[in-house]
Amino acid sequence: MALMPFTDAMAAILKGADALPEEMVQIEDAFHRVLARDIASLRTQPPEAMSAMDGYAVRAADVTVGAKLKVIGEISAGKPFDRALAAGEAARIFTGGVVPAGSDTVVIQEDTARDGDIVTINEAVPVGKNIRPAGVDFNEGDVLLRAGTRLADRDLALAAGMNHPQLPVHRRPVVAMLATGDELVLPGATPGPGQIVLSNGYALRALARAEGADVIDLGIARDTLESTTAAIRRAIDLNVDVLITTGGASVGDHDLVQQSLVAAGIEMSFWKIAMRPGKPMMHGRRGGMRVIGLPGNPVSSYVCGFLFMVPLLRALSGRSEVQHVREAAVLGRDLAANDQREDYLRTRLEWQDGKLVATPVMKQDSSLLGNLAVAEGLLVRVPHAEAATAGDPCAIIRLPT
Ligand SMILES: Nc1nc2c(c(=O)[nH]1)N[C@H]1C(S)=C(S)[C@@H](COP(=O)(O)OP(=O)(O)OC[C@H]3O[C@@H](n4cnc5c(N)ncnc54)[C@H](O)[C@@H]3O)O[C@H]1N2
Ligand code: MOO
């Protein structure tokens, strides 16, 4: 198969990636879940005009400096008053108290003097002051949260204020992660000659979890067709939504992932993509299960996981925005002309004189975890981009913190 352009690969991965079914969750469990339906308010907030301050509810027409009003009762939050104010009357009121009929203004207590049931007004106050009108926040029936929204902390407060104890959200995607390679050992082991400590899975798992996925670790498959195919079949049996493999993607004699995927009945849509890092990446499907075969090099696996797995998980989660945002920046150093592969350079980012300056790290080798960790973003270079000099405009994508 020919190298697939980046945008075609993205389109293939997102093709038919519809939101997973809806489920109801308690609002306590809804943080960062994705709304499956628009949410309308079940109530008006505030339900009636309420005082914003501790003071006295009055009729503005009665209020002049030095006016003396009769205090006819007290209103606190949740304890409304059943009488209307008549001329010359005031009601003691506390923050959140319902403003009584007949009153149109609240004078704060600091601007009054109280003597028995008489309150003297010491400052002029404009009509309507210190009153929150009914519905000033929202009204019953207002749609304030839209389907496709990933619920932020403030959204939960809003949903609660709208009186929703539960929310309809999309089911979380289930992702299985499979590492491949005879040379891999787990962190903490004493590696034998030529052995490598497995690192890819940790970043990828974190990326997937940050997108709300549940992650199943399928461990490490050995570099045999049997071992790799058996692990892929396990993912099929577990009915996962997404299988992510790392390593074994290239053309070497021990790179068996593509062959194993085909042996397990996965229909491949592409293998090899015109980007750097990540050239040997592959993708396929079997029923509802989508597979992204990531290259083994740690930077390649992370960058491709970030660029492709994240939008896929967002689509399956029902999010309305799935793509990473590209921002304008200026180059912090000169760059040579690009070849035919779209390049995603690990870059430092800093603000200088009001401009976002992107300075790619000098060594872009796809095995360098240290350089990946210091990078704050990816600088995008389209295929065949001409040589560029420091100060030229460029596009970046921020990496997660
Ligand atoms: N003749 C060619 N050789 C290679 C090509 C090519 O086009 N022609 N492409 C190169 C590119 S680009 C990449 S990227 C790599 C990817 O190869 P694989 O996906 O087959 O990766 P492996 O060989 O399995 O591993 C590469 C490297 O990464 C280490 N690794 C693997 N898994 C992990 C892990 N989970 N955690 C940490 N490190 C891991 C592995 O030990 C190797 O050192 O192929 C090039 N070759
Ligand atoms: O694409 Mo490989 O990921 O260049 O090292």
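Me: Which residues does the UniProt annotation "domain: MoaB/Mog" cover?

Reply: That unreviewed entry puts "domain: MoaB/Mog" on residues 176-315. UniProt positions follow the numbering used here, feature names are shortened, and annotations may be inferred rather than shown by experiment. This is a predicted model, where local features need pLDDT of at least 70, side-chain atom pairs count only at pLDDT 80 or more, and totals for chains, interfaces and linings use all residues. Residues are numbered from 1 along each chain as its sequence is written, with chains lettered from A and ligands numbered from 1 in the order in which they are written.

Me: How much helix and strand is there over residues 176-315?

Reply: The chain there is 35% helix and 29% strand, with the end C-alpha atoms 17 Å apart. Helices (H or I, at least four residues) and strands (E, at least two) are DSSP runs, numbered from the N terminus.

Me: What about helix packing: at what angle do α1 and α6 pack?

Reply: Two packed helices are described by the angle between their axes and the distance between the axes. Here α1 (residues 6-14) and α6 (residues 298-317) pack at about 35°, axes 10 Å apart. Axes are lines fitted to C-alpha atoms, for helices over the stretch in contact, and angles run from 0 to 180 degrees between N-to-C directions.

Me: Which residues meet there?

Reply: Contact means C-beta atoms, placed from the backbone, within 7 Å. M10, I13 and L14 of α1 meet F308, P311, L312 and A315 of α6. By class, that contact has seven nonpolar, no polar and no charged residues. Ala, Val, Leu, Ile, Met, Phe, Trp, Tyr, Cys and Pro count as nonpolar, Asp, Glu, Lys and Arg as charged, and the others, Gly among them, as polar.

Me: And what surrounds ligand 2?

Reply: R276, P277, G278, K279, P295, N297, S300 and S366 do, a residue being near if its C-beta atom, placed from the backbone, lies within 6 Å.

Key:
Contact = placed C-beta atoms within 7 Å.
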